[in-house]
Every structure is written in C-alpha cells, then in structure tokens.
Amino acid sequence: MALHVTHAETSSRDIDTAVRELVEQLGHSELDAVLLFCDPDYDLDRLGPAIKAAFACPVVGCTSSGQIGEQGFQASGILAAGIRGGALRVNPFLIAPLSDLQAQAAIAADAVQSVTAASPSNRFFGLLLVDGLSTREEYLAAALYQMTGNIPLVGGSAGDNLHFQRTHVYHDGQFLTDAAVLALFECATSFHTFKLQHFVASEVELVVTDADPDKRLIREMNGEPAALAYAEAIGMTLEDLNPTVFSTYPLLLSIAGEPYVRSILRVNEDLSLTCYCAVDEAMVVSVGKAVDVMETLENGFADVRKAVSDPALIIGCDCILRRVEFEQTDMDVKVGAFMAHHRVFGFSTYGEQFNGLHVNQTFTGVAIGG
C-alpha cells in the first residue's frame, strides 16, 4: 500500500462548476478520502450537499481564512487534496453541539477507541477541525487527548477571512457551526506530528493575577490592569497597542520546557486583555521574542524529514496571525513557496491544536510518508 495525493483547486463561485472542476482535477478513480478547505463566501448550504453527491469517500474540511496548496498561500476559492493507494483510512466523527462538549467528546472518543482496538497493528492520529468562534478548543482538545488514550492530535480552528462572524466545519454534506470534526487517520505508513513557531521567550515575565479563562480574559498582570502591565513590559503606551503590536509581542507560557503562544486579540475598555487562547490565573507568561522565520521553518522541517524522510503529504494548520505578519513583512510569497515545496496542504486557522493543547501563532502539522 502507498499514499498517492492529487491536488485540485477552483476559484469559480458557481457551486456546480466549482465542484465539477474539483472532481475533474482529482480524477475519477476511487478515492480513499478528500481533504477540502474553502473560503467562507460560498453558498455553504448548497456547497455541502454538492460535495457529498460528488464524492463517495469521507470528506474532511472546513471554512478558512486562506488555504495552503501547490501555489503556496491562497486567499480564496476551494482547495482539495484527494488521497488514494490504501495507505490511509479516514473516519470522521462529528462532535456537536459543542455546548454539550463533555458528553459529545466522550461519544466521539468511544468511537475512536472502537476503531483503534480493531486494528492494533496500525498507527493512528487525529485531525481536529473546530468551529473557530466556539471558544471551546481548549476544553475539547484536552478532553479528546485524554479520552482517546493520548492518540497524537493536530488541528485547526475554522476561519472566515477575519470577519469573525461565522465559521463552519464540514460533515456528511453539511457545513456546521457549534461543531467540531475529529477525523481519525488509520495509517499503514509512517507519520510524524509536529508544531513550530518563530517566537521564543524573552527575559520579560508577567504574572497573571486576575483572569477569566472561560472568557479568555486577562484582567490583571503583576497586580495592574493587564493592558497597562503589558504596555509597560514592551516599552509602549496604551495608545500604541494594536493588532500589529500584539502579533509582534505575543505572550508565551512554558509547559514542560516547550513554549506555547497565547496571542492577544484586543484591549477592552476596562484595560483587560482578550486573548485567542485561555490563560489561567497565577500563570507566569513571557513576552515573546521573534526569531528568523525562514530559519525556524528550515530547522523544523529538517527535523520532520528525520522522522519521515520523504513525506507524500504534510497536513498543515497555520495561524492566520502568522500569515498576516508574513504579509506585513513581505515574507508571504517566500514562506508560501517553502510550504508548497514541502508538500504542505492545509489552511490558515483561528487557532491550532497540538495533542491536548490549544495554541496560537503556531503551525501544527502531520507529515505522512508515501
């Protein structure tokens, strides 16, 4: 058995034409699975059933804030990757509604355990796609990772081109909100899950002294209003704080010696900070310091190739904040070309999952051998 990947893309806004173009490019021989990411401006109520009618195999996908494919970063349209060869078996499990997260995650985890128990000689990983406006990713990733017996997990939160209005995951002919899909990949070939980011901890540390993790709020740091303490820590005034500053100086926390990014979304009227990820009270966070983007990518992907020497596919979940930064620094074309060269297929996310954690300004991925 081998892994063969065929790519397809369309910019047509007509649903019938778009799906027909994807089918023609992917080819008519039997597919094991399809990965699909699209911009949010399609008529999703029509696109969902059209996808189901076109493909007899499992389809895993979501709306995005841009896609990553053979041309590097792409801002619109639909990108698809068709998987053949029998090396992968994909089982998508719906987790909905997320308002009933614990019960629904337990149902999905039970289904996963049934599949893994039936094929003990194979290896498994999970791809988790989540409604990116649900604010449930922290709890969902942690619950699934624990309940499934620590099966490697990577994932991303669905986007909507920075509108922050509605984000959807695809399952069985429908694009859904308040939902997540855990796609269990059963592999007869090698794979390697990984994460990377181009930030390291600086020497500047702050203690979170008042927070509301459920709302992703930091109210105070070092006993001061959070925004004031943050501005002082980076040598700026409150008036200087904006999305560009937040993406340049994210917050980092260290877990078992590994840095995990906690990006800031906005300053609120009471000078609290809303983040893209939950931060607990009493945590010590560092101000992030950027390192060379290309060096980080080159080193990270070199490590990947030590584990999987010649990946046929790398499924990538790349934070939209990284892409915004790349565009602001004129690095987007270079980074996109690097991704394409390394056979990355994925999307720009509203957050990333890695094993039991939810992170930001990070690339999480899985490299799969041919």
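This is a predicted model: local features need pLDDT of at least 70, side-chain atom pairs count only at pLDDT 80 or more; totals for chains, interfaces and linings use all residues.
Residues are numbered from 1 along each chain as its sequence is written, and side-chain values use heavy atoms, leaving out hydrogens and water.

P311 belongs to strand β22, residues 311–319, which runs antiparallel to β26 and is joined to it by seven bridges; two strands pair if DSSP finds at least two bridges between them. Strand β13, residues 191–196, is also antiparallel to β26, with six bridges, and here L196 is partnered with F363.

Why is β26 largely enclosed by the rest of the structure? Seven of its seven residues, 363–369, are buried, where buried means under 20% relative accessible area, exposed means over 50%, and partly exposed lies in between, using a 1.4 Å probe and protein chains only. In a regular strand the side chains alternate between the two faces of the sheet. In β26, F363, G365, A367 and G369 are buried on one side, and T364, V366 and I368 on the other.

Turning to charged pairs, the structure holds 13 salt bridges, each a side-chain nitrogen of Lys or Arg within 4 Å of a carboxyl oxygen of Asp or Glu. One of them joins D39 and R13, with the closest N and O atoms 2.9 Å apart; D39 is buried at 1%, whereas R13 is partly exposed at 42%.

How values were computed
Helices (H or I, at least four residues) and strands (E, at least two) are DSSP runs, numbered from the N terminus.
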